[in-house]
Amino acid sequence: MDGTKSIILNAVGTANDVDNKMKAFLDYVAGKMSDDSYVRRVNMAIEKAKMDSALRRDYLIRMQNQLQSDKRARANGQNELAEAIHMLKGGKSEDELRNAGIDQDTIDLALTCL
């Protein structure tokens, strides 16, 4: 680990419970440019970073790692779902599935597949 942190933003919320500066930033994250001075500075920093080949390479490596991680997670979820369906078809109860370490969301989904 290199100490990098990821932040997940819902930039398209509808609560309108943030000030104008934050709204301008979230709009920028969602792809809409703004005249806000902070947003312009962030945009300039991103454009500068895009020109740095080392940063660009690091970004691509991180994206590739994230895609591989997402793919593994999907495969694990599919395997767990298949196992839950198999166990239910074999007569196992929901409690037995939970005791086997299968989470309730997967059990619920498996039940809808039967």
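Trainee: Which helices each supply at least two residues of the lining of the largest pocket?

Mentor: Rolling a probe the size of a water molecule over the atoms shows where empty space is left. In this predicted model, helices α1, α2 and α3 (53–89) each contribute at least two residues to the lining of the largest pocket. Helix α3 provides the largest share, seven residues.

Trainee: What volume does the largest pocket have, and which residues are the closest to its centre?

Mentor: The volume of the largest pocket is about 1,100 Å³. The lining comprises 22 residues, and those closest to the centre are Lys5, Ser6, Ile7, Tyr59 and Met63.

Trainee: How do the residues of that lining divide into nonpolar, polar and charged?

Mentor: The lining of the largest pocket holds 13 nonpolar, three polar and six charged residues.

Trainee: What volume does the second largest pocket have, and which residues line it?

Mentor: For the second largest pocket the volume is about 200 Å³. Its lining includes Asn10, Val12, Asp17, Lys23, Leu26 and Asp27. By class, five nonpolar, four polar and three charged residues make up the lining of this second largest pocket.

Trainee: I turn now to charged pairs. How many salt bridges does a search of the whole structure find?

Mentor: Side chains of opposite charge can pair when their charged atoms come close. Over the whole structure, the search finds six salt bridges. One of them joins the side chains of lysine 21 and aspartate 36, at 3.2 Å from N to O. Lysine 21 belongs to helix α1 (residues 20–29), whereas aspartate 36 sits in the loop between α1 and α2 (37–51), so this pair ties together parts that are 15 residues apart in sequence.

Trainee: Is aspartate 36 buried or exposed?

Mentor: Aspartate 36 has a relative accessibility of 14% and therefore counts as buried, the cut-off being under 20%.

Trainee: Where do lysine 50 and glutamate 47 lie?

Mentor: Both residues are in helix α2, three residues apart, which is about one turn of the helix. Lysine 50 is partly exposed at 46% relative accessible area, and glutamate 47 is partly exposed at 38%.

Trainee: Which residue forms a salt bridge with arginine 98 at 2.3 Å?

Mentor: The partner is aspartate 95, with 2.3 Å between the closest N and O atoms. Arginine 98 and aspartate 95 are both in helix α4 (residues 94–99), three residues apart. Through shared partners, salt bridges join Glu94, Asp95 and Arg98 into one network.

Technical notes: Residues numbered from 1 in each chain as written. Predicted model: local features only at pLDDT ≥ 70, side-chain atom pairs only at ≥ 80, totals over all residues. Heavy atoms only, no water. Salt bridge = Lys/Arg side-chain N within 4 Å of Asp/Glu carboxyl O. Helix = DSSP H or I, 4+ residues; strand = E, 2+ residues; numbered from the N terminus. Buried < 20%, exposed > 50% of the residue type's maximum accessible area, 1.4 Å probe, protein only. 1 Å grid on protein atoms, 1.4 Å probe; cavity = no way out; pocket = protein on both sides within 12 Å on 5 of 7 lines; lining within 4 Å. Points joined across faces, edges and corners; volume = space filled by probe spheres on them. Nonpolar A, V, L, I, M, F, W, Y, C, P; charged D, E, K, R; others polar.
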